[in-house]
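Please consider the structure shown below. A short report on selected features accompanies it.

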Amino acid sequence: MPLFQRLVGLETEYALRYHPRQPGTRRPSNATLFERLLAKVRAKVPAVPSHLHPTEWFLANGGAVHFERIPLVILAEAGLVEGATPECRGPRQLLLYQRAQDLLLSRAAAADDGDGSVTLVKHNRDGGVNFYGSHENYELLLATGVRLGLWRLAIVFLTPVVIVLALAIALALVVSLGLGMLVAAVVEAWRRRFHKGRDSRLAALLESGLRWLIFVKSLPLTLPWVLFLQPLAFGRQRRQLLAFLVSRPILAGAGSVEADGRFGLSPRAPAIAAVNSVTAESFRAVYYFGHVFKGMVYLLGGDMGAYRQLFRRRQRLQITVGDSNMAQTAEYLKIGTTLLVLDAIEAGALADAPRLWRPLRALRTLCADPDLQARVRLKDGRSWTALEIQRFYLDACRRFVDRGAAPHPEAEEVLRLWEEALDALEHDPERLIGKLDWVTKRYLLDSLGPEASVAEKRKLDLRYHELSRDGYYLQLEAAGVAPTLVEPEEVLRAIAVPPEGTPATRRGQLIREYAGSPGQVRATWHGVFITEGRRTRVVRLS
């Protein structure tokens, strides 16, 4: 496959911060705030509802927005906004559509509804204990030969098992969460009556118990994955990519102030508890495969496209260890370097990639050291720093690109920025202020002075990620301190026009054509369902 031609996309979760017009105004629920945001999005661009999810809408540029409920946060405003870019090719195109998504959703949220407005926060952690995702999706070769045949057989035989298990788990969770909500209501009333608004330990214990309930009930789905599917899917890519992803926060980490005031490279890293996972509620992982089982379950909703996708040679690998980026250079490097490494792996150019002895411990070790001096052990007994790991991959990718038949300008640009960033991190990190998020945030935190409290530092941490004129990073961008890689005019156009040459192209065309016909068209990532009279026609996207 030519360089940067695989499909790639981003899914970003945004927190909602409500600003009442009058003090004392009761805060609307997050579900209500999302409905207001969605109404403004639909007023700006054509949109059609999802065929499967009642709170998801597909947009004219081929992307989507939906409200993701958080059923376990039972004593708080539950739910967040998730935006998904259209399928793109290449790092610059994806950066452009991510910025278009940020702009569209933040402007829609900011519009005042009479009682107040909303700011979106593009961060992976809020002021409490909640983590938010930034997921990357890359089209890769799943397997070949015997492994691909075994994968397809496993999918066929596991499909009825997974559907039955999913229905049983869903029913059990509805009952369990219903009882939990009832108990929570009693606890909340008791808390307000006797504790005058202070947190209830009983409520925290109840929420923790529900989380364990989710974990236990997800085990039946985890077992077939571990036994039959995980050994067959993306084996070479996952092995050779892992050390790169574990060390990548030195380029793409968003920076984070921990509860004790210490500074780390990544807000997402402390939440990663597994290398592979099929249930996000149980384990946040480096690689997430929930879409495999969702593809089976979506048969019940008539989405044959998602199921057919499970039999293809090239499928989606979802990476969930990354951070949401404000800095355009950091996001461009995150996407571009990962695409280059994947291209090199599939071409056989990274067979000698370093293998980490304990990947999750290495991730936490490297992300806890903003001075970049920490070393992690490899399986061959050597100990490398994050800079050394990244330089290994940089050198391998440079050799791979140089062997190409023709020059590739964007690959050369990624290599140049990658090398410049590693050189600056080693010798003069302040050269990267405005370019890498964690470096920029650390500089701003240092400017508070040594007497700054943890609360002040954590406030700055959150305000850095606000998608508003008051957001600290966007102020730096407006002042010219942070360089931009895509032009504002391009971003405005990408809000309504899909990228060329991807499944989003046809999806966006159909959405613009049928959005004015309520109830006539619905969409998924794999097809568009058009109802004409009593007949429903399905347009498959490939």
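This is a predicted model: local features need pLDDT of at least 70, side-chain atom pairs count only at pLDDT 80 or more; totals for chains, interfaces and linings use all residues.

Residues are numbered from 1 along each chain as its sequence is written, and side-chain values use heavy atoms, with hydrogens and water left out.

Helices (H or I, at least four residues) and strands (E, at least two) are DSSP runs, numbered from the N terminus. Helix H1 (residues 30-44) has 15 residues and spans 21 Å from its first C-alpha to its last. Its buried residues (under 20% relative accessible area, 1.4 Å probe, protein chains only) are Asn30, Leu33, Phe34, Leu37, Leu38, Lys40 and Val41. Seen down the axis of H1, these residues fall within an arc of 165°, so they line one face of the helix. The elements covering them include those in the table.

| Element | Residues |
|---|---|
| Strand S1 | 7-20 |
| Strand S3 | 56-59 |
| Helix H2 | 91-110 |
| Strand S7 | 116-121 |

The axes of H2 and helix H9 (residues 328-346) come within 9 Å and cross at roughly 140°.

Gln520 lies in the loop between helix H17 (503-514) and strand S16 (521-523). At 23% relative accessibility, Gln520 counts as partly exposed (between the buried limit of 20% and the exposed limit of 50%). The C-alpha atoms of Gln520 and Thr531 are separated by 5.0 Å, although the residues are 11 apart along the chain.

How values were computed. The expected span of a helix is 1.5 Å times one less than its number of residues. The arc is that of the directions from the helix axis to the C-beta atoms. Contact means heavy atoms within 4.5 Å. Axes are lines fitted to C-alpha atoms, for helices over the stretch in contact, and angles run from 0 to 180 degrees between N-to-C directions.
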